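Here are a few friendly notes to read beside the model. Please keep the viewer open as you go through them.

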Amino acid sequence: MDNSIYITDENGHEVKLNVYFTFDYEDTNFAICYEDGNEDELYPFKYDDDGHIYAVEDPEELSIINEVLEAFVGEEDEED
């Protein structure tokens, strides 16, 4: 996956998002993204092998994403 993706927002504007990191869980690919200049707000997506992205709406998947994100951020903090 490239280091950035483009989505269309609710107003029809194209928005560039940078990929913070990706991970796989039970045959599902996830990407955690952020907008330039706004690294504090993260956006989770699922993506397939063809590069299509999908919003994550399932509460169980969101819970998994939060757990992985907390572990990832904790590892980064330990490296600093």
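The numbered points below go through the salt bridge, the charged surface, and then some individual residues.

1. Ground rules. This is a predicted model, in which local features need pLDDT of at least 70, side-chain atom pairs count only at pLDDT 80 or more, and totals for chains, interfaces and linings use all residues. Residues are numbered from 1 along each chain as its sequence is written, and side-chain values use heavy atoms, with hydrogens and water left out.

2. The salt bridge. How many salt bridges does a search of the whole structure find? The search finds one, where a salt bridge is a side-chain nitrogen of Lys or Arg within 4 Å of a carboxyl oxygen of Asp or Glu. The partners are glutamate 61 and lysine 46, whose side chains meet at 3.3 Å, N to O. This pair links distant parts of the chain, with glutamate 61 in helix α1 and lysine 46 in strand β4 (residues 38-47), 15 residues apart. Helices (H or I, at least four residues) and strands (E, at least two) are DSSP runs, numbered from the N terminus.

3. Surroundings of the pair. Helix α1 spans residues 59-79 and includes glutamate 61. Is glutamate 61 buried or exposed? Glutamate 61 is buried, because its relative accessible area is 17%; buried means under 20% relative accessible area, exposed over 50%, and partly exposed in between (1.4 Å probe, protein chains only). Lysine 46 has a relative accessible area of 24%, so this residue is partly exposed. Besides Lys46, glutamate 61 touches Thr28, Phe30 and Val56, not counting residues up to four places away in sequence. Contact here means heavy atoms within 4.5 Å.

4. A negative patch. Which residues form the negative surface patch? The patch is made up of Asp24, Glu26, Asp27, Asp49, Asp50, Asp58 and Glu60. Patches are made of residues with over 30% relative accessible area and no salt bridge, with like charges joined within 9 Å and nonpolar side chains (Val, Leu, Ile, Met, Phe, Trp, Tyr) within 5 Å. Asp and Glu count as negative, Lys and Arg as positive, while His and the chain ends are not counted.

5. The loop with positive phi. Please look at the loop between β2 (14-25) and β3 (28-35), where glutamate 26 is found. Glutamate 26 has a phi near 45°, a positive value in a residue other than glycine. Aspartate 27 is in the loop between β2 and β3 too, and its phi is near 65°, again positive in a residue other than glycine. For context, most residues other than glycine have a negative phi. Glutamate 26 counts as exposed because its relative accessible area is 64%. Aspartate 27 is exposed as well, at 84% relative accessibility. Both Glu26 and Asp27 belong to the negative patch of point 4.

6. Two residues in the strands. Asparagine 18 lies in strand β2 and is buried, because its relative accessibility is 10%. Leaving aside residues up to four places away in sequence, asparagine 18 touches Asn3, Ser4, Ile32, Cys33, Tyr34, Glu35 and Asp36. Tyrosine 47 sits in strand β4 and counts as buried at 16% relative accessibility.

7. Isoleucine 5. This residue lies in strand β1 (residues 4-8). Why does isoleucine 5 count as buried? Isoleucine 5 is buried because its relative accessible area is 10%. Its contacts, not counting residues up to four places away in sequence, are Val15, Lys16, Leu17, Val19, Cys33, Phe45 and Ile53. Among them, valine 19 is 14 residues apart from isoleucine 5 in sequence and 7.3 Å apart in space, C-alpha to C-alpha.

8. Valine 68. Like glutamate 61, valine 68 is found in helix α1. Valine 68 counts as partly exposed, with 27% relative accessibility. Which residues is valine 68 in contact with, leaving aside its neighbours within four places in sequence? Valine 68 is in contact with Phe21 and Phe23.

Definitions and conventions. Accessible areas come from the Shrake-Rupley method with a 1.4 Å probe; for residues, only the protein chains shown count as cover. The place of a charge is taken as NZ of Lys, CZ of Arg, CG of Asp or CD of Glu.
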